[in-house]
Amino acid sequence: MKRDTFLKTLGFGTVSALAGGAILSSCMNHDMATMTPAVAPDVLEGNFTTSLPFPETSLTGTALNAGSQNITTITGKNTQAWGYKNGILGPTFRIQSGSTVSIPFTNGLTEETNIHWHGLLVPAAMDGHPDQMVMPGKTFNYSFKIDQRAGLSWYHPHPHEKTGKQVFMGLAGLFIIESAEEKALNLPTGAYELPLVIQDKRLNTSGEIDYSPTMDEVMIGYMGETIIVNGVQSPFHNVATRTYRLRVLNGSNGRIYNLALSNGNAFTVIGSDGGLLPAPETVTDLLLAPGERVDLLVDFSKSTLNSEVYLLSNVFSGVNSQGRQAFKIVKFVVNKAETDSFKLPTSLPAIAPISSSATTKIRTFDIGVGMGTSGGHGGSMAMKGMHTINGKVYSGERIDESVPLNSTEIWEFNNSA
C-alpha cells in the first residue's frame, strides 16, 4: 500500500501541531515572501547508553499536580522541567472501557492551565477546553465514564495561547483504554508492550528546556535538536527474539517523524488514533504527525542475537521545514533468545462503516494562512501569518457552524493553498 493511501486508511488528513497554543493546519513549507518558514534544527544524537524508562502506570483516582520539578532525565544534567507527578511527563493511565474515572488535578504552576483528554469521548465540561481554566493554586476533579473502543489516547494542557509552551515544558501523558474484545486477540502485553512518547526539545547550554519561539515558529512549528523518548535522550531497551507491541505517541510541537527500522525490515500497523484497524497493515515506513498515535507490532525474531535495531526517522523529500536528515530515535538490543507463540490475527475488531447515503450535509473547510491583504486565501480580516478557516481567524465570540445532534455529515478539508 502506498503511503498516501495508507494515511487515508488511518484517517490522517491535515496535520495538526501544538505550537504557541495554536492548532496548526499542516507541516507547511509555504514560500511566502513575508514569512520565513520554520526549519527543523539538525538533530543531535546521544550515545544510546541510557536505559529506556517507562512512566508509572496509574488507575483512576491518581492525582495529578502540574508543576516545575528537578529532573536529570534528558541529558544527564540536573535541570528543571514541568510534570504532573514524578519528573517530566505524567503517569500512564490504563483504564478498562466502561469504567468511570476520577482524577483530581491541582495547578501548581504560576499560570493558568487545564487538562485536555486528547482522543477521549468526554462531556464538554470535562474536555479541558481553552476557556475552562484551572487557576494557579486551584484544584479541579476530572470525572467521566470511558465509553469507547480500546485504543491509545493522551492528555495535555489546552490553555489558550499557552498549549505549545506547557506541552514543550513537559506536561503530557498517555491514556490507554483496554477492552475484553481487544484482550481476546492475545496481543503482546506486559514486558512485551512498550509505550513510547517521542518528543523533540530545544535545550540551552545548561541542558534546560528552552521555549523561546519566534513569531514564525509560533505559527509554523517550534522544533528542537534533542529527540527524547519517555523523557530520555537516545535511550536503549533490551528485547528478546519475539514480537513486541510498540504504542507510539508523537508528542512533539511541530516535528513529523518518518518512522522506520534501521535494518529495513517491515513492521505491522494494527491501530491508529481511533483504536484498532479492521485488519493489520504491513509497511516499511510511516509518517506520524504531532498528536497522532500508532499501534505497531515489531518482530525481533528476524534479527540476529546480540544485534542492534534502531527505530529511526527517515529523511523527507522536498520538505525543508522538517529537515533533510535521518536520525535514530531509540535503540533496541536483541540480547535474549525466546520462543514466541504469538500469531498475527488476520482480522481485528470490525468497525461498522457509515454509509455516505446517511449524510444530510457536506461542509467544506478551506484551511489557510492570512497574508494581511484585502483578498486572497487568508481573507480580508486575517492578520499576516494567522491560520484561517474559510478565510476567518478564531474568535470565541462567533459560531460559524451549527450541527444538529445525531446528524451524519461529510466534512471536507482543503489545505492545499
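Student: What should I know before I start?

Tutor: Residues are numbered from 1 along each chain as its sequence is written. The model is predicted, so local features need pLDDT of at least 70 and side-chain atom pairs count only at pLDDT 80 or more, while totals for chains, interfaces and linings use all residues; side-chain values use heavy atoms, with hydrogens and water left out.

Student: How many helices and strands are there in the protein?

Tutor: Helices (H or I, at least four residues) and strands (E, at least two) are DSSP runs, numbered from the N terminus. Here the protein has 4 helices and 27 strands.

Student: What share of the residues counts as buried?

Tutor: Buried means under 20% relative accessible area, exposed means over 50%, and partly exposed is in between (1.4 Å probe, protein chains only). Of the 417 residues, 51% count as buried. For contacts (heavy atoms within 4.5 Å), take pairs at least 6 apart in sequence: 74% of them join residues at least 24 apart.

Student: Which residues touch the most other members of the largest nonpolar core?

Tutor: A nonpolar core is a set of buried Ala, Val, Leu, Ile, Met, Phe, Trp, Tyr and Cys residues joined through side-chain atoms within 4.5 Å. In the largest one, with 42 residues, they are Leu64, Trp117, Phe144 and Phe175. Elements giving two or more residues to this core include strand E5 (64–71), strand E10 (139–145) and strand E12 (173–178). The largest share, 4 residues, comes from E12. Apart from this core lies another, of 32 residues, with Leu52, Leu261, Leu277 and Leu296 among them.

Student: What does Trp117 touch?

Tutor: Not counting residues up to four places away in sequence, the partners of Trp117 include Leu64, Phe144 and Phe175, along with Met126 and Asp127.

Student: Is Trp82 buried or exposed?

Tutor: Trp82 is buried because its relative accessible area is 12%. This residue lies in strand E6. Beyond neighbours within four places in sequence, Trp82 has contacts that include Gly67, Leu109, Lys165 and Met169. Compare sequence with space, too: Trp82 and Phe168 are 86 residues apart in sequence, yet 8.8 Å apart in space, C-alpha to C-alpha.

Student: Where is Ala266?

Tutor: Look in the loop between strand E18 (257–261) and strand E19 (267–272). Ala266 counts as partly exposed because its relative accessibility is 35%. Setting aside neighbours within four places in sequence, Ala266 is in contact with Leu261, Thr282, Val283 and Thr284.

Student: How do I read the pairing of strand E24?

Tutor: Two strands pair if DSSP finds at least two bridges between them. Strand E16 (residues 235–240) runs parallel to E24, joined by 5 bridges, and Ala240 stands opposite Lys336 in E24. Strand E23 (residues 307–313) pairs with E24 in the antiparallel sense over 7 bridges, and there Tyr310 stands opposite Lys331.

Student: Why is E24 largely enclosed by the rest of the structure?

Tutor: Because 7 of the 10 residues of strand E24 (residues 327–336) are buried.
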